[in-house]
Amino acid sequence: MAKKITIIGAGIVGVATAAYLKRDGHDVTIVDMREPGEYCSFGNAGILSPGSCVPLGTPGVMWKVPGYLSDPMGPLVIRPGYFLKALPWFLRFVAASSPRRVDEIANALRPLLKQTFDAYEPLVKHAGVADLIRRTGYAVAYRKRAAYEGDAIAWKLRRDRGVIVEEMDGAGLRQLVPQLAGDYEVGLYLPEQGFVASPSRLAKSLAAQFQRDGGTLLQREVRDIEVGPDGPRALVTNAGSVPVETLVICAGPHSNEFTSKLGDRVPLEAERGYHVTFSDPRVELPMPVFMPESKLFVTPMEMGLRIAGQSEFAGIHAPPDYGRADILEKLAQQIFPGISTADATKWMGRRPSLPDSLPVIGRSTKFANAYYAFGHGHVGLVSGAPTGRIVADLIAGRQPNLDVTPYRPDRF
Ligand SMILES: Cc1cc2nc3c(=O)[nH]c(=O)nc-3n(C[C@H](O)[C@H](O)[C@H](O)COP(=O)(O)OP(=O)(O)OC[C@H]3O[C@@H](n4cnc5c(N)ncnc54)[C@H](O)[C@@H]3O)c2cc1C
């Protein structure tokens with residue numbers, strides 16, 4: 001039966017969810033204070049990696065943290081004033097890094113991510129932007145064999161779940177990606193992965209198609225939810241009230257502000273990341289490259305070469321520190337000595353991150369008319385369309401094609 005459904009958030013998760021709900025014939029409205037795909041979904045690395053089933057926290061991760069924090073060019077920073085606030089999240093993160101939990105998390109992530117191409121395909125074809133999805137695979141470049149061996153657990157987790165990982169030496173890597181300078185001791189190729197040539201164009205195109213299909217997009221800031229005995233009744237916005245029958249919360253790193261109004265407290269953190277995009281880099285890559293030692297991706301996007309990474313804990317509202325993006329620019333110059341960095345744009349985005357690296361997808365614990373889809377952390381683009389399809393299944397009363405219990409909101 002067709003329902004009237006309101007979604008908070010027009011990031012990739014919100015627009016993919018809207019697209020799948022529209023395919024089921026529902027009357028769907030998205031409410032967002034920004035244009036679609038302008039928040040975290042704007043500037044990510046664009047990687048579509050069905051193989052990214054390894055959580056951020058793996059056994060022994062805490063021993064690596066001091067090294068990351070003390071390296072001025074390192075991938076992790078916790079602003080001193082924010083450390084105590086982030087501590088409860090980090091304690092949960094450590095608890096989720098045990099060998100047993102990591103195995104369970106990888107088991108839960110893999111079936112979600114594995115669906116990425118299959119779930120995006122009908123949406124991008126319908127929106128006329130199938131060209132955005134590139135199935136090139138991606139390369140991995142390790143300067144030191146010891147670093148590769150130090151990541152053995154992560155690669156085993158992937159291989160054990162059927163991810164194809166082809167290993168090669170430095171010469172093999174240079175054949176695969178001749179643009180890489182310097183000495184790399186180990187290269188890997190993951191042929192089943194891919195990327196999106198413009199993450200923001202993807203979200204905007206899906207949103208535009210959603211509107212052409214009769215969906216409504218309201219540009220408003222949601223300030224509160226009016227909750228009655230049977231669940232959410234209306235959104236209180238900067239431009240009046242929006243009545244609600246069924247609500248889906250896809251508000252990225254702000255989602256917990258809304259779930260707490262519905263009685264569900266979720267330990268969501270804004271894990272900030274940065275990118276630099278060079279519009280005329282004079283380096284043309286055949287595929288994205290992952291640099292595990294610096295935890296960054298370099299992606300050949302349609303608007304230029306993007307280098308994205310960094311993990312900064314500073315709270316959701318703190319101003320960006322573009323010094324983190326400058327680090328990425330310096331690393332780009334080391335990786336590609338001939339790169340032209342003349343025309344660079346810098347960006348900061350907030351990953352909606354949960355301490356166990358799993359999203360929340362499912363129904364509110366209190367109300368039958370409220371659903372959640374957020375907290376996808378580092379894999380929100382990969383899992384955007386699969387999540388949308390799952391939410392549509394749940395709302396329609398269909399059995400989703402995977403077990404959703406690992407994503408329940410009350411697991412913490
Ligand atoms: C540097 C970097 C690189 C990344 N690389 C990758 C990658 O390669 N692959 C991958 O899969 N993922 C990647 N990610 C993660 C990915 O970008 C996110 O997981 C994803 O964009 C989250 O999408 P979302 O729709 O949940 O949130 P968002 O895109 O943040 O959307 C949430 C929306 O909610 C709206 N909203 C919030 N509060 C309100 C309110 N009060 N009223 C109205 N609207 C509201 C916002 O305006 C926003 O539009 C990366 C992230 C970063 C930072």
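How far does a backbone N or O atom of Ile-12 lie from an oxygen atom of the ligand? The gap is 3.3 Å, in what is a predicted model.

On its own the ligand has 1000 Å² of accessible area, and the protein covers 97% of that. There are 37 residues around it, with Asp-32, Arg-34, Ser-41, Gly-377 and Val-382 coming nearest. Sorted by class, this shell has 19 nonpolar, 13 polar and 5 charged residues. At least two shell residues come from each of α1, β15 (269–278) and β19 (344–353), and β19 gives the most, with 4.

Now for the core. The largest nonpolar core holds 54 residues, and here's Ile-12 again: along with Leu-202 and Val-248, Ile-12 touches the most other members. Elements that each bring at least two residues to this core include β1 (4–8), α1 (12–23), β2 (27–32), α9 (199–212) and α12 (384–396). The top contributor is α1, with 8 residues.

Setting aside neighbours within four places in sequence, Leu-202 is in contact with Ile-12, Tyr-120, Val-124, Leu-132, Val-196 and Leu-381. Apart from this core lies another one, made of 29 residues, among them Tyr-189, Val-276, Leu-305 and Ile-339.

Technical notes. Residues are numbered from 1 along each chain as its sequence is written. This is a predicted model: local features need pLDDT of at least 70, side-chain atom pairs count only at pLDDT 80 or more; totals for chains, interfaces and linings use all residues. Side-chain values use heavy atoms; hydrogens and water are left out. A nonpolar core is a set of buried Ala, Val, Leu, Ile, Met, Phe, Trp, Tyr and Cys residues joined through side-chain atoms within 4.5 Å. Buried means under 20% relative accessible area, exposed over 50%, partly exposed in between (1.4 Å probe, protein chains only). Contact means heavy atoms within 4.5 Å. A residue is near a molecule or strand if one of its heavy atoms lies within 4 Å of it. A polar contact is a pair of N or O atoms within 3.5 Å; within protein, one must be able to donate a hydrogen and the other to accept it, and residues adjacent in sequence count only if both atoms are side-chain atoms. Accessible areas come from the Shrake-Rupley method with a 1.4 Å probe; for residues, only the protein chains shown count as cover. Ala, Val, Leu, Ile, Met, Phe, Trp, Tyr, Cys and Pro count as nonpolar, Asp, Glu, Lys and Arg as charged, and the others, Gly among them, as polar.
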